[in-house]
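Hi everyone, thanks for coming. I'll take a few minutes to walk you through one protein chain, so please have a look at it with me.

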Amino acid sequence: MLRKFKITIDGKEYLVEMEEIGGAPQVAPAVQAAPAPVATASEAPATEATPTPAVVPASADAQVSPMPGTILKVLVKEGDAVKANQPVMILEAMKMENEVVANNDGTVAGIHVATGQIVNAGDALFTLN
């Protein structure tokens, strides 16, 4: 069966006919991933554990992410006083660093994300009192 397509290259249009070969489309076989190797205590490298800040569950009045991205830095901690338009965290989206600012004056009641976490637009980031 011939199928026709119109293709434009550098402003010039071409009419292309393609023949569909074979009947049903082939489905790729499922690939089963091999289990990851497990390091024993003697093989594990000695690394110093860095404490991660506790992530607090969000309330209904939490300020949300304006866009999807990755949290690069959290600039405040729970209990800090912030002013309106003060940067609270840095969100990387589309290879750009964006400041997420406080909407109003208040005290940080909870941080709902951690550094390195991927967020979607509308995900709760922090809450102010």
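Before anything else, here's a term we'll need: patches are made of residues with over 30% relative accessible area and no salt bridge, where like charges are joined within 9 Å and nonpolar side chains (Val, Leu, Ile, Met, Phe, Trp, Tyr) within 5 Å. A salt bridge, in turn, is a side-chain nitrogen of Lys or Arg within 4 Å of a carboxyl oxygen of Asp or Glu. Accessible areas come from the Shrake-Rupley method with a 1.4 Å probe, and for residues only the protein chains shown count as cover.

Some housekeeping. This is a predicted model, so local features need pLDDT of at least 70 and side-chain atom pairs count only at pLDDT 80 or more, while totals for chains, interfaces and linings use all residues. Residues are numbered from 1 along each chain as its sequence is written, and side-chain values use heavy atoms, with hydrogens and water left out.

Okay, the overall picture. The protein chain has zero helices and 10 strands; helices (H or I, at least four residues) and strands (E, at least two) are DSSP runs, numbered from the N terminus. Buried residues make up 20% of the 129 residues in the protein chain. By buried I mean under 20% relative accessible area; exposed is over 50%, and partly exposed is in between (1.4 Å probe, protein chains only). The protein chain exposes about 10000 Å², and carbon and sulfur atoms supply 57% of that.

Strand E1 (residues 2-9) and E2 run antiparallel, joined by eight bridges. Two strands count as paired if DSSP finds at least two bridges between them. Ile9, for example, stands opposite Lys12 in E2. E1 and E2 form a hairpin with two residues between them, and Asp10 in the turn has a positive phi of about 50°.

So which residues form the nonpolar patch on the surface? They're Phe5, Ile7, Ile9, Tyr14 and Met18, with about 450 Å² of accessible area together. The elements that give two or more residues to this nonpolar patch are E1 and E2, and E1 gives the most, with three residues. Phe5 lies in strand E1 and is partly exposed, with a relative accessible area of 34%. As for strand E2 (residues 12-19), the count of buried residues among its eight residues is zero.

Now for another part of the chain. Four strands form an open sheet in the order E3-E10-E8-E5, with antiparallel pairing. Strand E3 (63-64) and strand E5 (81-82) stand at the edges, each with a single partner strand, so one side of each is left without a neighbour in the sheet.

Let's go across it. E3 and E10 pair over two bridges, and the partner of Val64 in E10 is Ala124. E8 and E10 pair over three bridges, with Gly110 partnered by Thr127 in E10. E5 and E8 pair over two bridges, and there Val82 stands opposite Gly106 in E8.

Is strand E10 (residues 124-128) enclosed or open? Four of its five residues are buried, so E10 is largely enclosed by the rest of the structure.

Last stop: His112, in the loop between strand E8 (106-111) and strand E9 (118-119). His112 is buried, with a relative accessible area of 8%. Its side chain makes a polar contact with the side chain of Thr127 (2.5 Å). A polar contact is a pair of N or O atoms within 3.5 Å; within protein, one must be able to donate a hydrogen and the other to accept it, and residues adjacent in sequence count only if both atoms are side-chain atoms.

That's my tour, thanks!
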